[in-house]
Amino acid sequence: MALIARAALLAMLALGLLPGPAFTQPRERGEPGKFDFYLLSLSWSPSFCETPAGANSREQCGARPYSFVVHGLWPQYERGFPQNCQVPSPRLDHRIVDEMLDLMPARKLVYHEWDTHGTCSGLGQRGYFDTIRKARTAVQIPPQFDNPQAPLTVAPGEVVDAFVKANAGLTSAAIMIDCDRNRLREVRICMTRELAFRDCGASAARACRSDSLVMPPVRGQ
(Lines give C-alpha, C1' and ligand atoms only; values in the text may rest on other atoms or scores of the structure.)
Protein backbone atom coordinates (compact mmCIF):
# COMPACT_ATOMS: atom_id res chain seq x y z
CA MET A 1 0.00 0.00 0.00
CA ALA A 2 2.84 2.41 0.78
CA LEU A 3 4.33 1.81 -2.67
CA ILE A 4 0.94 2.44 -4.31
CA ALA A 5 0.47 5.69 -2.37
CA ARG A 6 3.96 6.85 -3.31
CA ALA A 7 3.36 6.06 -6.97
CA ALA A 8 0.09 8.02 -6.94
CA LEU A 9 1.80 11.01 -5.32
CA LEU A 10 4.58 11.00 -7.93
CA ALA A 11 2.01 10.79 -10.73
CA MET A 12 0.10 13.82 -9.45
CA LEU A 13 3.32 15.80 -9.10
CA ALA A 14 4.18 15.00 -12.69
CA LEU A 15 0.79 16.33 -13.83
CA GLY A 16 1.22 19.52 -11.86
CA LEU A 17 -1.72 18.70 -9.60
CA LEU A 18 0.12 19.04 -6.30
CA PRO A 19 2.10 21.86 -4.71
CA GLY A 20 5.80 21.53 -5.47
CA PRO A 21 8.72 20.95 -3.13
CA ALA A 22 8.49 24.39 -1.52
CA PHE A 23 6.26 22.84 1.12
CA THR A 24 6.60 20.20 3.76
CA GLN A 25 4.62 17.00 3.32
CA PRO A 26 0.84 17.20 3.80
CA ARG A 27 -0.68 15.90 6.98
CA GLU A 28 -3.16 13.06 6.77
CA ARG A 29 -6.36 14.48 5.36
CA GLY A 30 -7.03 17.19 7.92
CA GLU A 31 -10.32 18.59 9.19
CA PRO A 32 -12.43 20.87 6.98
CA GLY A 33 -11.99 24.51 7.96
CA LYS A 34 -9.00 23.88 10.24
CA PHE A 35 -6.07 25.69 8.61
CA ASP A 36 -4.06 28.89 9.04
CA PHE A 37 -3.93 30.68 5.69
CA TYR A 38 -4.37 30.33 1.95
CA LEU A 39 -1.86 30.06 -0.85
CA LEU A 40 -2.98 31.33 -4.25
CA SER A 41 -1.06 29.56 -7.01
CA LEU A 42 -0.91 31.31 -10.39
CA SER A 43 0.44 29.13 -13.18
CA TRP A 44 2.18 30.57 -16.24
CA SER A 45 0.08 28.74 -18.81
CA PRO A 46 2.57 28.93 -21.73
CA SER A 47 5.14 27.02 -19.65
CA PHE A 48 2.61 24.31 -18.82
CA CYS A 49 1.68 24.04 -22.48
CA GLU A 50 5.27 23.13 -23.36
CA THR A 51 5.18 20.06 -21.08
CA PRO A 52 3.91 16.59 -22.05
CA ALA A 53 0.87 17.11 -19.80
CA GLY A 54 0.14 20.42 -21.49
CA ALA A 55 0.38 18.87 -24.93
CA ASN A 56 -2.59 16.68 -23.95
CA SER A 57 -4.67 19.55 -22.56
CA ARG A 58 -6.71 20.89 -25.46
CA GLU A 59 -8.83 23.06 -23.17
CA GLN A 60 -5.90 25.05 -21.81
CA CYS A 61 -3.41 24.73 -24.63
CA GLY A 62 -5.60 25.13 -27.68
CA ALA A 63 -6.36 28.25 -29.68
CA ARG A 64 -7.43 30.50 -26.80
CA PRO A 65 -4.57 32.59 -25.34
CA TYR A 66 -3.83 32.30 -21.62
CA SER A 67 -1.10 33.95 -19.56
CA PHE A 68 -1.36 33.51 -15.76
CA VAL A 69 -4.17 31.16 -14.81
CA VAL A 70 -5.27 29.93 -11.40
CA HIS A 71 -3.81 26.57 -10.45
CA GLY A 72 -5.52 26.62 -7.08
CA LEU A 73 -6.25 28.20 -3.72
CA TRP A 74 -4.73 25.91 -1.12
CA PRO A 75 -5.45 25.91 2.62
CA GLN A 76 -2.14 25.83 4.50
CA TYR A 77 -0.88 25.16 8.00
CA GLU A 78 2.05 27.18 9.26
CA ARG A 79 3.94 23.97 8.49
CA GLY A 80 2.49 21.60 5.94
CA PHE A 81 -1.00 21.55 4.51
CA PRO A 82 -4.19 19.48 4.66
CA GLN A 83 -5.65 17.73 1.64
CA ASN A 84 -8.54 15.42 0.73
CA CYS A 85 -10.46 16.36 3.86
CA GLN A 86 -13.64 14.55 2.71
CA VAL A 87 -13.33 11.14 1.09
CA PRO A 88 -15.31 10.62 -1.01
CA SER A 89 -15.74 14.33 -1.67
CA PRO A 90 -19.17 15.82 -2.44
CA ARG A 91 -19.72 15.71 -6.20
CA LEU A 92 -18.95 19.10 -7.70
CA ASP A 93 -21.80 20.83 -9.55
CA HIS A 94 -20.89 20.89 -13.26
CA ARG A 95 -22.34 24.40 -13.55
CA ILE A 96 -19.69 25.68 -11.15
CA VAL A 97 -17.03 23.91 -13.20
CA ASP A 98 -18.22 25.68 -16.36
CA GLU A 99 -18.23 29.05 -14.60
CA MET A 100 -14.61 28.67 -13.45
CA LEU A 101 -13.09 27.93 -16.85
CA ASP A 102 -12.17 31.59 -17.44
CA LEU A 103 -9.74 31.39 -14.49
CA MET A 104 -8.97 27.65 -14.37
CA PRO A 105 -9.13 26.54 -18.02
CA ALA A 106 -9.37 22.77 -17.60
CA ARG A 107 -12.31 20.85 -16.17
CA LYS A 108 -10.06 18.14 -14.75
CA LEU A 109 -8.15 20.78 -12.80
CA VAL A 110 -11.33 22.32 -11.33
CA TYR A 111 -12.57 18.94 -10.15
CA HIS A 112 -9.17 18.06 -8.71
CA GLU A 113 -8.85 21.33 -6.82
CA TRP A 114 -12.24 20.84 -5.18
CA ASP A 115 -11.52 17.26 -4.15
CA THR A 116 -8.00 17.90 -2.88
CA HIS A 117 -8.11 21.44 -1.50
CA GLY A 118 -11.67 22.78 -1.55
CA THR A 119 -12.87 20.07 0.82
CA CYS A 120 -10.36 21.37 3.38
CA SER A 121 -11.61 24.96 3.22
CA GLY A 122 -14.70 24.39 5.34
CA LEU A 123 -16.71 26.17 2.63
CA GLY A 124 -19.41 24.83 0.38
CA GLN A 125 -18.74 24.42 -3.30
CA ARG A 126 -20.06 27.83 -4.28
CA GLY A 127 -18.31 29.53 -1.38
CA TYR A 128 -14.95 27.95 -2.18
CA PHE A 129 -14.93 28.89 -5.84
CA ASP A 130 -16.27 32.36 -5.08
CA THR A 131 -13.28 32.71 -2.72
CA ILE A 132 -10.92 31.65 -5.51
CA ARG A 133 -12.39 34.35 -7.74
CA LYS A 134 -12.05 36.98 -5.01
CA ALA A 135 -8.45 35.96 -4.33
CA ARG A 136 -7.58 36.21 -8.02
CA THR A 137 -9.29 39.60 -8.29
CA ALA A 138 -7.18 40.85 -5.36
CA VAL A 139 -3.94 40.25 -7.32
CA GLN A 140 -2.90 42.55 -10.15
CA ILE A 141 -0.74 40.96 -12.85
CA PRO A 142 2.25 43.17 -13.76
CA PRO A 143 1.63 44.70 -17.20
CA GLN A 144 4.80 43.22 -18.72
CA PHE A 145 3.37 39.73 -18.07
CA ASP A 146 -0.11 40.44 -19.39
CA ASN A 147 0.28 39.24 -22.97
CA PRO A 148 3.91 38.89 -24.10
CA GLN A 149 4.31 38.16 -27.80
CA ALA A 150 7.89 36.91 -27.51
CA PRO A 151 9.76 34.85 -24.86
CA LEU A 152 10.84 36.77 -21.78
CA THR A 153 14.03 36.01 -19.88
CA VAL A 154 13.67 36.90 -16.20
CA ALA A 155 15.34 36.34 -12.86
CA PRO A 156 13.05 35.05 -10.10
CA GLY A 157 13.72 38.22 -8.13
CA GLU A 158 12.56 40.33 -11.07
CA VAL A 159 9.21 38.52 -11.10
CA VAL A 160 8.82 39.02 -7.34
CA ASP A 161 9.69 42.72 -7.63
CA ALA A 162 7.21 43.19 -10.47
CA PHE A 163 4.36 41.68 -8.45
CA VAL A 164 5.29 43.75 -5.39
CA LYS A 165 5.29 46.93 -7.49
CA ALA A 166 1.90 46.09 -9.03
CA ASN A 167 0.15 45.23 -5.73
CA ALA A 168 -0.11 47.63 -2.80
CA GLY A 169 0.58 45.85 0.49
CA LEU A 170 2.28 42.86 -1.10
CA THR A 171 5.83 42.12 0.07
CA SER A 172 8.50 39.78 -1.23
CA ALA A 173 8.02 37.61 1.88
CA ALA A 174 4.50 36.79 0.66
CA ILE A 175 5.62 35.45 -2.74
CA MET A 176 7.28 32.23 -3.86
CA ILE A 177 8.44 31.37 -7.36
CA ASP A 178 8.22 27.83 -8.72
CA CYS A 179 10.20 26.75 -11.79
CA ASP A 180 11.64 23.80 -13.64
CA ARG A 181 15.23 23.90 -14.86
CA ASN A 182 14.53 26.53 -17.50
CA ARG A 183 11.01 27.91 -17.26
CA LEU A 184 8.91 29.89 -14.81
CA ARG A 185 6.04 27.65 -13.75
CA GLU A 186 4.15 29.45 -10.99
CA VAL A 187 3.90 32.51 -8.80
CA ARG A 188 2.51 31.59 -5.37
CA ILE A 189 1.08 34.26 -3.08
CA CYS A 190 0.22 33.78 0.60
CA MET A 191 -3.03 35.30 1.84
CA THR A 192 -4.94 35.35 5.11
CA ARG A 193 -8.28 33.65 5.40
CA GLU A 194 -9.73 37.12 4.73
CA LEU A 195 -7.60 37.31 1.54
CA ALA A 196 -5.17 39.98 2.69
CA PHE A 197 -1.53 39.48 1.74
CA ARG A 198 0.64 37.90 4.44
CA ASP A 199 4.13 36.49 4.82
CA CYS A 200 4.49 32.84 3.91
CA GLY A 201 6.45 32.18 7.12
CA ALA A 202 7.85 28.72 7.76
CA SER A 203 6.31 27.40 4.53
CA ALA A 204 8.51 29.66 2.42
CA ALA A 205 11.39 27.35 1.51
CA ARG A 206 12.23 28.57 -1.97
CA ALA A 207 11.41 26.08 -4.69
CA CYS A 208 13.17 27.82 -7.57
CA ARG A 209 16.97 27.61 -7.57
CA SER A 210 17.57 28.98 -11.07
CA ASP A 211 19.08 32.40 -11.63
CA SER A 212 17.51 32.92 -15.04
CA LEU A 213 14.15 31.67 -16.36
CA VAL A 214 12.27 31.78 -19.62
CA MET A 215 8.60 32.76 -19.80
CA PRO A 216 7.35 31.39 -23.14
CA PRO A 217 5.02 33.77 -25.02
CA VAL A 218 1.26 33.55 -24.80
CA ARG A 219 -0.12 30.96 -27.22
CA GLY A 220 -2.99 31.23 -29.65
CA GLN A 221 -2.31 34.75 -30.86
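Author: A salt bridge here is a side-chain nitrogen of Lys or Arg within 4 Å of a carboxyl oxygen of Asp or Glu. This is a predicted model, so local features need pLDDT of at least 70, side-chain atom pairs count only at pLDDT 80 or more, and totals for chains, interfaces and linings use all residues. Residues are numbered from 1 along each chain as its sequence is written, and side-chain values use heavy atoms, leaving out hydrogens and water.

Reader: What makes Glu99 and Arg126 a salt bridge?

Author: Their closest N and O atoms are 2.5 Å apart. The cut-off is 4 Å, so the pair qualifies. Glu99 lies in helix H5 (residues 94–99) and Arg126 in helix H7 (residues 125–137), so the bridge ties together parts that are 27 residues apart in sequence. In general, side chains of opposite charge can pair when their charged atoms come close.

Reader: Why is Glu99 called partly exposed?

Author: Buried means under 20% relative accessible area and exposed over 50%, with partly exposed in between (1.4 Å probe, protein chains only). Glu99 has 41%. That falls in between, so the label is partly exposed. Arg126, at 40%, gets that label too.

Reader: How many salt bridges does the rule give?

Author: Twelve. One of them joins Glu50 and Arg183, at 3.4 Å from N to O. Glu50 is in the loop between helix H2 (45–48) and helix H3 (52–55), and Arg183 in the loop between strand E4 (175–179) and strand E5 (184–191), so the pair links parts 133 residues apart in sequence. Glu50 is partly exposed, at 45% relative accessibility.

Reader: What makes E1 and E2 a pair?

Author: Two strands pair if DSSP finds at least two bridges between them. Eight bridges join E1 to E2, and the strands run antiparallel. Ser43, for instance, has Val69 in E2 as its bridge partner. E1 also pairs with E5, over six antiparallel bridges. There Tyr38 has Met191 as its partner. E4 and E5 pair over five bridges, again antiparallel.

Reader: What order do the four strands of the open sheet take?

Author: E2-E1-E5-E4, with antiparallel pairing. E2 (68–76) and E4 are called edge strands because each pairs on one side only. The twist averages 20 degrees from one strand to the next. Angles run from 0 to 180 degrees between N-to-C directions, with axes fitted to C-alpha atoms, for helices over the stretch in contact. Helix H8 (residues 156–166) lies across E1 (37–44), E2, E4 and E5, at about 140 degrees to E4.

Reader: Why is E1 called mostly covered?

Author: Eight of its eight residues are buried, so each falls under the 20% limit. Phe37, Leu39, Ser41 and Ser43 point one way, and Tyr38, Leu40, Leu42 and Trp44 the other way. In a regular strand the side chains alternate between the two faces of the sheet.

Reader: What makes a nonpolar core, and which residues have the most contacts inside the largest one?

Author: A core is a set of buried Ala, Val, Leu, Ile, Met, Phe, Trp, Tyr and Cys residues joined through side-chain atoms within 4.5 Å. The largest has 45 residues, and those with the most contacts inside it are Leu42, Phe68, Met104, Phe129, Phe145, Phe163 and Ile177. Another core lies apart from it, with six residues, among them Phe37, Leu39, Met176 and Cys200.

Reader: Which residues does Leu42 touch?

Author: Contact means heavy atoms within 4.5 Å. Not counting residues up to four places away in sequence, the partners of Leu42 include Phe68, Val139, Phe163 and Ile189.

Technical notes: Helix = DSSP H or I, 4+ residues; strand = E, 2+ residues; numbered from the N terminus.
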